[in-house]
Amino acid sequence: MSETHKPRPAGRFARAWDSDIAYSFRTSPVAVVAAVVSVFIILAAIFAPLIAPYDPFNPASLNLMDGFTPPMEPNAFTGNVYWLGTDNQGRDVFSTILYGARISLFVGFAAVLFAMVLGISLGLIAGYRGGWVDSLLMRVADVQLTFPSILLALLIFGVARGFIPPAYREVMAIWVLIVAIGLSDWVQYARVVRGATMVEKNKEYVQAARVIGAHPVKILLRHILPNVMGPVLVIATIGLALAIIAEATLSFLGVGVPPTQPSLGTLIRIGQQYLFSGEWWILLFPSITLLALALAVNLLGDWLRDALNPRLR
Amino acid sequence: MLAFILRRVLQSVIVMLTVALVAFALFRFVGDPIASMVGQEATLAERMELREALGLNDPFIVQFFTFLSRAVVGDFGISYRLQQPVMELILSRLPATLELALVSGIAAFVFGVGFGVYTALRRGGWASSSIMTVSLIGVSLPTFLIGVLLIWVFAVELQWLPSFGRGDVVDLGGWWRTGFLTESGRMSMILPAITLGLYQMTLIMRLVRAEMLEVLRADYIKFARARGLSNRAVNFGHALKNTLVPVITITGLQLGSIIAFSIITETVFQWPGVGALFINSVRFVDVPVMAAYLMLIALVFVVINLIVDLLYYLVDPRLRLDRSAAGH
Amino acid sequence: MSGPSENPSDKTPLLSVRDLVVEFPTRRGTLRALDKVSFDIAQGEVLGMVGESGAGKSLTGAAIIGLLEPPGRIAGGEIRLRGERIDNLPREKMRRIRGRRIGMVFQDPLTSLNPLYTVAQQLIETIRTHMDVSEGEARKRAVALLDRVGIPAAARRIDDYPHHFSGGMRQRVVIALALCAEPELVLADEPTTALDVSVQAQIIDVLKEICAERGASVMLITHDMGVIAETADRVAVLYAGRVAEIGPVRDVIQAAEHPYTAGLMGSIPTLTQNAARLTQIPGSMPRLNAIPQGCAFNPRCPKVFDRCRTDRPELIDRDNGRHVSCWLYDAATQQVAHD
């Protein structure tokens with residue numbers, strides 16, 4: 001009823017605060033916690049060089065005598081104390097996690113960006129050109145979708161390694177990883193954009209653009225991108241969680257980033273080796289970090305999808 | 001019906017040919033097969049001779065045809081790394097992978113559908129809310145982390161279950177070694193099966209839930225309620241059956257991806273299956289094994305796809321009989 | 001307020017709805033979708049329920065049969081079936097009333113039938129849910145009913161799946177399903193809107209005939225005044241979740257009392273009328289979150305006066321079987337008019 005209906009507040013910030021999506025965010029404790037955790041880990045990773053007490057990548061700062069120090073206990077030989085203990089090579093686990101998260105997040109964001117640009121471009125081309133270009137691209141997408149993306153990433157990674165001379169494999173590993181994960185995950189963006197393009201391309205303004213000589217694709221891009229922002233954002237958020245997991249998995253399998261630049265997956269791989277000998281902290285803390293990061297981003301994506309598409313709730 | 005099957009089979013053959021082309025391109029252009037087969041000291045003449053002998057100088061299409069005709073009879077050449085015929089390697093490891101996939105696939109389906117239906121019907125209840133939360137953790141947890149954590153808890157701390165390998169196996173007819181028949185074989189199966197099945201289970205569960213909620217909103221469900229049918233008849237007789245039609249398709253494909261996902265589980269548990277073989281081939285750029293594995297996985301997917309389509313056809317009357325008349 | 005039953009000498013009406021309030025809680029306050037709706041349906045009577053989309057017609061039907069979709073809920077009033085309250089029954093008791101005593105026909109026959117079951121399976125299941133008969137007996141009844149609703153070769157076609165039938169035939173099947181447990185009251189929610197114009201009349205006829213044979217009452221929800229004029233005994237006009245006017249169809253059509261009804265009748269084209277004289281009511285029905293104070297129709301009303309903007313009119317009994325909620329017919333107003 002009109003009596004109980006609150007008027008819309010004025011002011012840009014106030015309006016944003018009062019919008020449905022902001023309301024849904026404020027009233028969802030899960031979303032708030034997930035956002036806080038994500039932002040916290042991302043900031044910690046960005047400012048790792050400032051926060052980390054040690055530089056795990058600098059071999060000069062490592063002392064093998066410091067190896068296997070349990071958390072919060074002085075080392076038997078050197079007397080040094082590490083918050084979260086040290087690994088087999090005497091690296092501070094806390095610092096390694098910060099730098100590891102940095103690598104995981106970098107690979108994750110880069111892979112998502114790559115997949116997004118690729119997917120949006122291909123979706124736009126498929127939707128705009130139609131015909132055999134469309135059929136071909138969508139067929140490829142269908143076939144690709146039936147295969148798990150981790151398998152594809154592995155294959156692409158393997159193939160790329162075959163092409164890269166052994167001397168460069170270590171250096172190129174991160175970029176190969178980004179391309180492999182990105183290539184395995186472009187399909188959903190392409191589908192969304194293709195659908196939107198097919199709807200828009202016959203509208204009058206696109207035809208008009210053609211008449212005045214502007215490139216219709218440019219026009220389409222400007223009109224379609226705002227339309228598909230919501231779904232693309234959802235796909236990208238969930239895609240980020242998937243990419244982080246994929247990177248960790250590949251690194252855990254020993255085919256990801258090189259051991260000299262350990263990501264969270266590499267750390268867990270190292271930790272697993274010392275599980276039976278009782279050095280649990282090498283495994284536990286990177287695992288918790290990875291889990292928190294993946295879960296938080298996933299929850300955020302899940303919430304975003306529900307918030308943008310209330311019918312699904 | 002026959003035309004439908006034929007069309008499906010034809011499509012499958014086209015997919016297989018495409019994958020074969022990719023596999024062949026891998027085989028032919030990734031790395032240098034000659035360098036991988038001969039030692040450093042081989043002379044140029046020897047290399048040229050080997051090139052000729054292997055048919056590497058033939059036109060592309062001839063080479064592809066040769067590759068195909070060999071692949072059909074299971075000849076994928078020799079592994080660069082292990083110096084054994086690829087097919088022999090794969091066949092000896094396939095039973096381990098298939099048994100693991102079977103157990104986790106069945107478990108994933110049964111629990112996935114069960115929990116999915118429960119959470120859809122009891123939406124908002126505390127039990128289904130907790131199941132949904134746990135399932136989200138299940139989706140977010142990388143498979144390898146689940147495996148590692150399970151090993152830590154059940155093998156290292158509690159020491160209830162073995163942490164690696166298949167345990168004792170029994171040889172069946174010389175070509176299938178099963179772990180089902182021994183105590184240690186069954187015990188060894190538990191942790192890997194949970195690891196492999198958990199992710200699939202959460203996916204199936206979330207899919208069933210979403211699909212069921214969609215169906216429960218459908219007009220024919222409202223109409224069924226308006227006719228006074230009991231809750232049980234509406235939920236299980238009408239809603240569940242309609243839910244399962246699309247679920248079958250996607251679940252079938254999920255079961256296919258279980259075999260692919262076993263790469264990770266097999267690595268974590270040192271399970272002697274084809275997945276572990278593949279991961280090593282990627283590490284060492286062992287192209288013949290990669291190519292053969294690719295073809296194998298594609299074959300599994302194509303076969304499962306075919307079965308799923310046929311199943312779909314049997315379950316949904318709209319596709320039956322007068323497809324051309326009612327459809328399109 | 002006295003009950004607006006058509007004939008006070010009748011014993012209790014089959015269905016009696018009093019001051020029914022249906023609310024939807026939302027985050028910006030509670031929306032009142034039905035606000036004190038009252039009407040009766042007598043035994044064997046066909047009551048037409050008209051109004052624009054969003055006026056609350058379908059919601060009224062859903063509330064009666066107890067299938068309001070959450071978060072919608074009955075927040076006040078009573079619904080009585082033969083004098084017995086049914087709006088607060090336990091779930092299981094209400095379920096036994098659905099189908100058995102109140103049948104419902106939905107709008108879209110293409111989506112009302114479960115695609116995975118044959119017509120026979122759905123009919124037999126419904127009959128056996130409510131009646132203690134054998135499978136064979138249920139089947140016999142189902143065939144007879146299908147035959148009655150006009151499905152040719154019913155005995156053979158009963159084993160077909162819904163997708164084998166055309167839209168009109170499917171709606172006949174839906175009617176058979178709604179009637180198969182012999183309900184006393186049938187709620188038909190836009191039963192012909194989704195159908196081809198050529199079969200609409202047939203479907204309405206079938207529905208009306210069978211209900212007449214069985215002495216069942218019908219609540220016919222539609223926005224098509226033409227259908228009401230041909231089918232209903234009385235008509236109730238809803239506006240913004242409130243009853244504007246109730247009365248015998250002929251009276252309401254020929255001499256609408258409520259200005260909204262008058263406008264609505266003006267929009268029915270007839271052969272004798274000149275198209276240019278079709279009246280259009282300016283403006284549109286208010287959204288539920290912006291219903292004006294006083295009479296909900298006052299901003300659009302050509303005869304609005306001060307009182308309409310402050311006080312909400314109740315249904316006024318006009319003593320000729322008609323009820324209207326409009327201050328024009330209040331004793332005080334009429335006094336002024338006569339002075």
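Some bookkeeping comes first. Residues are numbered from 1 along each chain as its sequence is written, while chains are lettered from A and ligands numbered from 1 in the order in which they are written. Since this is a predicted model, local features need pLDDT of at least 70 and side-chain atom pairs count only at pLDDT 80 or more, whereas totals for chains, interfaces and linings use all residues.

Let's start with chain A. Its secondary structure comes to 13 helices and zero strands; helices here are DSSP runs of H or I with at least four residues, strands are runs of E with at least two, and both are numbered from the N terminus. Of the 313 residues of chain A, 45% count as buried. That word means that 20 or more other C-beta atoms lie within 10 Å of the residue's own; with 12 or fewer a residue is exposed, in between it is partly exposed, and the C-beta atoms are placed from the backbone. Residues 24 or more positions apart account for 66% of the contacts in chain A with a separation of 6 or more, a contact being two residues whose C-beta atoms, placed from the backbone, lie within 7 Å.

For a closer look at chain A, take α12(A) and α13(A). Two packed helices are described by the angle between their axes and the distance between the axes. Here the angle is about 150 degrees and the axes are 8 Å apart; axes are lines fitted to C-alpha atoms, for helices over the stretch in contact, and angles run from 0 to 180 degrees between N-to-C directions. The two helices, α12(A) and α13(A), are therefore roughly antiparallel to each other (under 35 degrees counts as roughly parallel, over 145 as roughly antiparallel, 65 to 115 as roughly perpendicular and the rest as oblique).

On to chain B, with its 13 helices and two strands. Its C-alpha atoms fill a box of roughly 85 × 60 × 35 Å, taken along the principal axes, and 42% of its 328 residues count as buried. In helix α1(B), the buried residues are B:V19, B:A20, B:A23, B:F24 and B:F27. They pack against α4 (60-72) and α12 (287-315) of chain B.

Chain B also meets chain C: 23 residues of chain C are in contact with 20 residues of chain B. The largest share of the chain C side, four residues, comes from α4(C). That side has nine nonpolar, eight polar and six charged residues.

Within chain C, α4(C) packs with α5(C) at an angle of about 115 degrees, with axes 9 Å apart, so α4(C) and α5(C) are roughly perpendicular to each other. This crossing is right-handed. The contact of α4(C) with α5(C) has six nonpolar, no polar and four charged residues.

Most residues other than glycine have a negative phi, and most peptide bonds are trans. The bond from C:P70 to C:P71, however, is cis, with omega near 5 degrees; C:P71 sits in the loop between α1 (57-65) and β4 (73-81) of chain C. C:A240 has a positive phi of about 50 degrees although it is not a glycine, and with 25 C-beta neighbours inside 10 Å it counts as buried.

Technical notes: Ala, Val, Leu, Ile, Met, Phe, Trp, Tyr, Cys and Pro count as nonpolar, Asp, Glu, Lys and Arg as charged, and the others, Gly among them, as polar. A crossing is left-handed if the near helix is turned anticlockwise from the far one by less than a right angle, and right-handed if clockwise.
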